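Let's walk through this structure together, side chain by side chain. Have your viewer ready and follow along.

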Amino acid sequence: AADTDVLEKPAIVVKISNNFSVPDNWHGLDRADLVIEERIEDNATRFAAVFHSDLPDRVGPIRSGRTSDLDLLTNLGTPILVYSGANPSVSGQLQALARDGLVRLVVDRDTNVDLRRDPNYPRPDNLFSNLVEIDRDYGADAGVAQPLFEFRDAADGPAPGGTATAGVSVTGQNRVHFVWDESRGFVRVQDGEIHATDEGAAFVFDNIVVLEVVYTRSTIDPDSVDARTVDRGPVTILSGGEQRTGTWVRESRDDQYRFLDADGQPMLLDPGQTWMTLVPAGSYELGVPDEISALVLEGEG
């Protein structure tokens, strides 16, 4: 965003459920600048949605913080983290980050008036927040948002080194596809349905970053896993109907993610909304089935 007032605002990170116990109850996720999809227990996923340039007045359903969030948060420039709570060990680690001035916490267990449960949905997927209010009440105690990636100038034309793509498929507890639609961007399909908000807004993003990471068993929650995001590994970037493959590098939790091609040259993202999925090796493949492409391209979504 070019507006100076927006550029000086903090990033707001909201932990959002991907449960299907209450179908179609997502709000605001389509308006995030960045969504990071991380694995939790049983190969299920959860979203860390980063809002900066556009603050919806209703976002959720909000769920718990996880250990993987610790390394994901600290290079955003003291962001605000909105979450429903965490187990005692994770809570202690998040509180330590807050004491060090690395994050501002907004948690349901504070009986916070900016987090509200909607009785139209059953617990636990019924906690929502107004990010305009969050920014108003907590923005002064947070820092100016810092970008996680380097973006190229749109005036430079198409990114070099790309090949045409129909999208990418990812297998976990859910079967997920990102399908290229020239008129919109990459459309997210989950378990054979267009993934959308309660208002019917499909999840459509300009960049899809498939970051291959190592997951390890959590030392403080044996039922869950932690993503190793200070490391390096394979990456596939999809933007503008093309894909590029290379290596991602992040040497410390304070660093941006760097994406390098086979010659070691930077691969920059297109300006726009980005969805980054943290995937274990062997859980994804380039391309999408014909029936999934038809679901998106023939207007069924």
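One aromatic cluster is made up of Phe47, Phe178, Phe203, Phe205 and Trp275. The pairing rule behind it takes rings of Phe, Tyr and Trp (its six-membered ring) whose centres lie within 6.5 Å, with planes under 30 degrees apart called stacked, over 60 edge-to-face and the rest tilted. This is a predicted model, where local features need pLDDT of at least 70 and side-chain atom pairs count only at pLDDT 80 or more, while totals for chains, interfaces and linings use all residues. Residues are numbered from 1 along each chain as its sequence is written, and side-chain values use heavy atoms, with hydrogens and water left out.

By the ring rule, the count comes to ten aromatic pairs. In one of them, Trp248 and Tyr257, the ring centres are 6.2 Å apart and the planes stand at 55°, so the pair is tilted. Trp248 and Tyr257 are both buried, a word used here for under 20% relative accessible area, with exposed meaning over 50% and partly exposed in between (1.4 Å probe, protein chains only).

Tyr257 also has a charged neighbour: Arg250 lies over the face of its ring, at 4.7 Å from the ring centre. Such a placement requires NZ of Lys or CZ of Arg within 6 Å of the ring centre and within 35 degrees of the ring normal. Arg58 is placed over the face of Phe128, with 4.0 Å to the ring centre.

Glu212 belongs to strand 14 (residues 207-212); strands (E, at least two residues) and helices (H or I, at least four) are DSSP runs numbered from the N terminus. Is Glu212 buried or exposed? With a relative accessible area of 18%, Glu212 is buried. Its side chain makes a polar contact of 2.6 Å with that of Tyr284. A polar contact is a pair of N or O atoms within 3.5 Å; within protein, one must be able to donate a hydrogen and the other to accept it, and residues adjacent in sequence count only if both atoms are side-chain atoms.

Now for the charges. Side chains of opposite charge can pair when their charged atoms come close. The structure holds 17 salt bridges, each a side-chain nitrogen of Lys or Arg within 4 Å of a carboxyl oxygen of Asp or Glu. Among them is the bridge between Glu285 and Arg175, at 3.3 Å from N to O. That pair links distant parts of the chain, with Glu285 in strand 21 (residues 284-286) and Arg175 in strand 10 (residues 175-181), 110 residues apart. Glu285 is partly exposed at 45%, and Arg175 is partly exposed at 28%.

Asp54 and Arg31 meet in another salt bridge, 2.9 Å from N to O. Here Asp54 sits in the loop between strand 3 (45-51) and helix 2 (68-73), while Arg31 sits in the loop between strand 1 (12-16) and strand 2 (34-39), 23 residues apart. Asp54 is partly exposed at 27%, as is Arg31 at 34%.

For Asp137 and Arg136, the closest N and O atoms of the salt bridge are 2.8 Å apart. Asp137 is partly exposed at 34%, whereas Arg136 counts as exposed at 57%. Finally, look for Lys15, Glu38 and Asp69, which are linked in a network of salt bridges.
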